[in-house]
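Notebook open, two chains to go through. I'm jotting down what I look up as I go.

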Amino acid sequence: MSDFNVLNTRAPRVDAHDKVTGKAKYTDDLSVAGMLFGAILHSSLAHARILKIDTSKAEKLPGVKAVITHLDTPGIVFGVSPARYDEQILASDRVRYIGDEIAAVAAVSPDIARRALDLIEVEFEELPLILDAQAALAEDAPQLHDRYKRNIVQEVHWHFGDVEAARSQADIIRTDELTSKMQDAAFLEPQAALASCDGRGYLTMYSSTQAPHYIQRTLAMALNLPLHKVRVVKPAVGGGFGPKASCSSMELITCLLAIKTGAPVKTVFDREEVFLHSRARHQFYHKMTTGVKKDGSLVFLEHECTLDGGAYCSFGIATVYYAGSLLGGPYRLANMKYDGYRVVTNKPACGAQRGHGAVIARACFEVQLDRIAEELKMDPVELRLKNVREAGETTCNELYLSSFGMKEALEAVRDSSVWKSKRVSNRPRGKGIGAACGFFVSGAGYPIYQSKTHHATVVTRVAETGGGVIVESGAADIGQGSDTMLAMITAEALGIPLSDVKVHSGDSDLSVDLGAYSSRTTLMAGWAAKEAAEDAKRQILEVIASKTGAKLDDLDIKAGFVTCKTEDFNIEEIRHDHRLEHRGFRGVALSGPLTFAEASRFAFHERGSIVGTGSYKPPVLGGSFKGATVGTSPAFGCSAQVAEVTVDLETGEVTVDKITGAHDCGFAINRTQVEGQMQGSIQMGMGEALMEEIKYDEAGRIVNATLAEYKMPTAMDMPPLEAIIIESHEPNGPYGAKEVGEGAIMPTIPAILNAIYDATGVRINELPVTPERIREALKKRG
Amino acid sequence: MKKIISLTVNGSPHELAVAPNRTLVDILRYDLGLTGSKKGCGIGDCGACTVLLDGLPVFSCLVLAVEADGHDVLTIEGVSDGPNLHPLQQAFVEQGAIQCGFCTPGMVLNALALLNGNSDPSEAEIRRALSGNLCRCTGYQKIVEAVKVAAKTMSASTVRE
């Protein structure tokens with residue numbers, strides 16, 4: 001039996017009732033009196049000089065309250081990494097992708113705002129386009145930004161161990177490549193923002209963001225406002241997966257329009273704008289050379305990667321580092337060399353997306369492991385089991401694995417999928433089975449800006465009425481369920497029922513929390529919530545101890561009641577006072593153990609407000625080499641999956657029949673939610689493996705910027721998904737918990753690719769693996 | 001020129017003056033304040049705006065408000081019986097079929113239409129019925145499970161009655 005009352009259960013989400021009845025409010029569901037509507041004029045050219053912007057006709061349109069251009073944003077640059085601020089809110093002299101923001105309007109209706117955009121005249125001088133990474137790196141390529149020589153935003157050159165020396169120890173050395181396409185995050189809720197500014201200069205923006213904290217900072221910096229006068233509130237958010245983690249021009253524009261007009265302004269992206277804004281998955285070109293010994297032990301990895309990141313840097317520095325650093329695990333690999341290049345092109349900017357930077361690198365490496373296993377005539381799962389690391393080990397790039405259920409996860413999927421009996425040589429034609437592993441951070445070890453800030457703080461206010469608590473946190477529930485996590489941890493730590501915990505979150509006024517990215521919230525905000533709840537509990541029990549004469553160590557709160565180890569625990573006076581002030585109330589305790597309602601109310605009588613506080617800051621992590629901070633984390637998640645597929649050898653069509661996944665989340669705060677994260681991760685990975693691809697024409701225009709043309713998995717495409725939870729009890733996480741939100745995507749693509757090879761005997765080195773690519777490969781093989 | 005339309009929404013009659021180019025989803029959301037119907041694409045690709053029109057699921061972003069004149073509309077706000085969740089909603093809550101929740105209203109209404117016409121759908125029938133409603137969070141697994149559970153609960157309660 002579990003030692004927990006609340007944790008490790010399948011408690012329904014705290015927001016489920018509101019979401020299933022339509023009551024939950026997302027940003028576009030909000031409206032306020034006198035609200036204006038913002039709209040943005042995007043560049044129709046992928047690369048051009050702006051010669052002239054004439055807004056005079058738009059300004060005269062009745063109902064238009066403001067038109068803004070770069071003249072309203074003089075000299076302001078912003079972005080994600082402070083070392084690479086390269087974006088303007090509104091372009092002054094040059095546009096770099098179809099979608100770049102040029103002007104914006106606030107009007108009394110969305111229709112008028114859009115009509116006003118049509119009246120803005122822009123004269124361009126077209127410039128030569130760069131639409132792929134190789135062209136960007138060419139010697140004579142035009143330069144998209146003055147500061148990025150050869151169009152390189154960031155280079156990484158890492159060397160751990162000694163690859164040259166290791167080469168001679170390897171019995172087999174092979175080189176493989178994998179190329180992917182830009183992916184769209186395709187969250188269901190288009191970005192929206194609603195901003196207003198009060199008479200004292202306090203700015204409030206409601207936004208569909210993943211990271212109120214970073215948005216607050218960017219707004220304050222770009223708009224030159226004191227940080228404490230900028231409040232960012234995240235209502236319900238309809239998915240993010242990464243692209244909503246950075247401040248957008250749209251958010252800044254909405255605030256500028258609100259400041260300029262003195263009225264609240266709401267701007268909502270349409271679906272095409274979501275695609276144009278992007279900030280989703282980069283395009284990756286990986287080349288890996290790996291050496292192994294005859295017994296299958298890994299000797300070295302030499303890895304080159306080029307990332308096409310579109311027009312601006314966005315998260316690109318972190319992306320190119322992650323693409324290299326996260327191959328440090330989950331296997332024993334002593335020698336690793338990495339050369340990474342993140343370049344700019346005239347396409348929408350890419351940023352972070354689920355499994356940031358590491359997904360395609362993982363796919364390339366795990367496919368290569370299968371090819372090595374084939375050469376060695378080894379079972380691919382056995383090859384992996386031979387190399388997996390265990391808790392207590394440190395990778396060659398100095399990532400310490402404080403808990404690590406990799407072996408357990410791999411064995412679990414092997415056994416549950418009945419791998420050994422399916423991986424036989426006489427299986428039916430077109431049927432295949434493949435396995436792969438994954439490795440991911442459980443929260444970035446450092447914030448995006450250089451700072452000694454706490455990464456998460458939580459304030460738990462004990463209701464002065466008695467009976468419940470209110471958890472205040474800046475953490476961003478974007479659908480992954482962090483509000484439920486905060487409520488469950490608080491209830492457990494304080495010893496009260498989940499139903500007596502209310503969560504206020506996603507508001508930069510409430511606490512510092514860096515946001516929903518890098519799979520950090522459960523470990524970091526969860527830690528802070530546990531600390532805050534324990535602090536509140538201690539304060540209440542101190543008051544009770546002092547009143548009753550009981551020893552503090554003998555007192556506890558469990559399931560909503562105060563317990564005492566000794567018999568002489570006299571609660572009569574507390575109970576008497578409580579009854580007196582609750583005449584006419586029903587359900588007031590008359591007998592039995594002291595309730596939390598009585599104890600917490602009494603503590604208020606004695607001490608005034610009882611407020612528990614908690615915070616989380618990671619220890620100093622990482623090596624001393626350049627870029628060592630990216631990839632560090634207080635803990636690492638790991639996962640394994642087995643995919644079973646059927647390939648139609650005539651049409652090349654792939655049907656995924658089943659995916660069995662196991663993920664080490666340390667400890668499942670909520671078992672249903674952990675499974676949900678695993679299943680959603682598999683869905684996104686499966687889409688990227690088989691169908692998802694942003695397509696461009698020769699002018700740099702996205703030709704499939706709709707959710708119909710951009711193919712992604714529907715209920716009919718998804719196979720049954722078996723989710724196995726592995727719990728390795730992470731010492732640095734609250735109750736042993738660590739990530740599941742992103743790590744679970746890592747094995748999906750390579751497990752499917754390995755299964756397709758098993759089914760067809762052909763390898764495809766370009767994603768997505770469409771029926772056309774399979775047919776072509778089968779034809780080539782003959 | 002605006003046109004006067006009369007329609008029933010969640011059992012209540014409404015009379016509205018609407019421009020001929022306005023969609024049903026827009027008048028539900030922005031005129032009647034029923035923001036439970038979500039707008040994920042505006043062009044009938046995602047299914048988040050699904051409502052029942054005379055009992056049949058439609059993408060309300062593809063229905064002009066004037067086309068709803070004289071008809072009966074059920075939105076997510078009208079599915080529960082006052083404070084009591086419909087068994088289908090209850091199943092979504094308990095099975096963990098909800099993450100970000102943006103697809104949930106459309107999913108529930110489409111599944112409701114399925115169950116109203118087929119009290120014991122197979123998994124394939126459920127998946128086919130929901131294939132026009134995109135979800136990016138759940139992998140659909142728990143949504144499908146919720147519909148199965150709801151089908152059982154609803155059949156059991158019908159038998160009892």
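Burial in chain B came up first: 54% of its 161 residues count as buried, where buried takes 20 or more other C-beta atoms within 10 Å of a residue's own, the C-beta atoms being placed from the backbone. A note on provenance: this is a predicted model, so I keep in mind that local features need pLDDT of at least 70 and side-chain atom pairs pLDDT 80 or more, while totals for chains, interfaces and linings use all residues. Residues are numbered from 1 along each chain as its sequence is written, and chains are lettered from A and ligands numbered from 1 in the order in which they are written.

I then looked up the fold of chain B. I find five helices and five strands, both being DSSP runs numbered from the N terminus (H or I, at least four residues, for helices; E, at least two, for strands). From the N terminus, the order reads β-β-α-β-β-β-α-α-α-α. The radius of gyration of chain B, over C-alpha atoms, is 16 Å, close to the 15 Å from the globule rule (2.2 Å times the number of residues to the power 0.38), so chain B is as compact as a globular protein of that length. Its C-alpha atoms fill a box of roughly 50 × 35 × 25 Å along the principal axes.

Contacts next: two residues are in contact if their C-beta atoms, placed from the backbone, lie within 7 Å. Of the chain B contacts between residues at least 6 apart in sequence, 60% join residues at least 24 apart.

Next I picked a helix pair in chain B. H2(B) (87-95) and H3(B) (104-117) have axes that come within 10 Å and cross at roughly 130°; the axes are lines fitted to C-alpha atoms over the stretch in contact, with angles from 0 to 180 degrees between N-to-C directions. Leu88(B), Gln89(B) and Phe92(B) of H2(B) meet Thr104(B), Val108(B), Ala111(B), Leu112(B) and Leu115(B) of H3(B).

In chain A I checked H10(A) (359-376) against H19(A) (748-760): they pack at about 35°, axes 8 Å apart. Among the residues making that contact are Val359(A) and Arg362(A) of H10(A), and Ile749(A) and Tyr757(A) of H19(A).

Last, the interface. I have 44 residues of chain A in contact with 42 of chain B. H18(A) gives the most to chain A's side, with seven residues.

Definitions and conventions: Buried ≥ 20, exposed ≤ 12 C-beta atoms within 10 Å, placed from the backbone.
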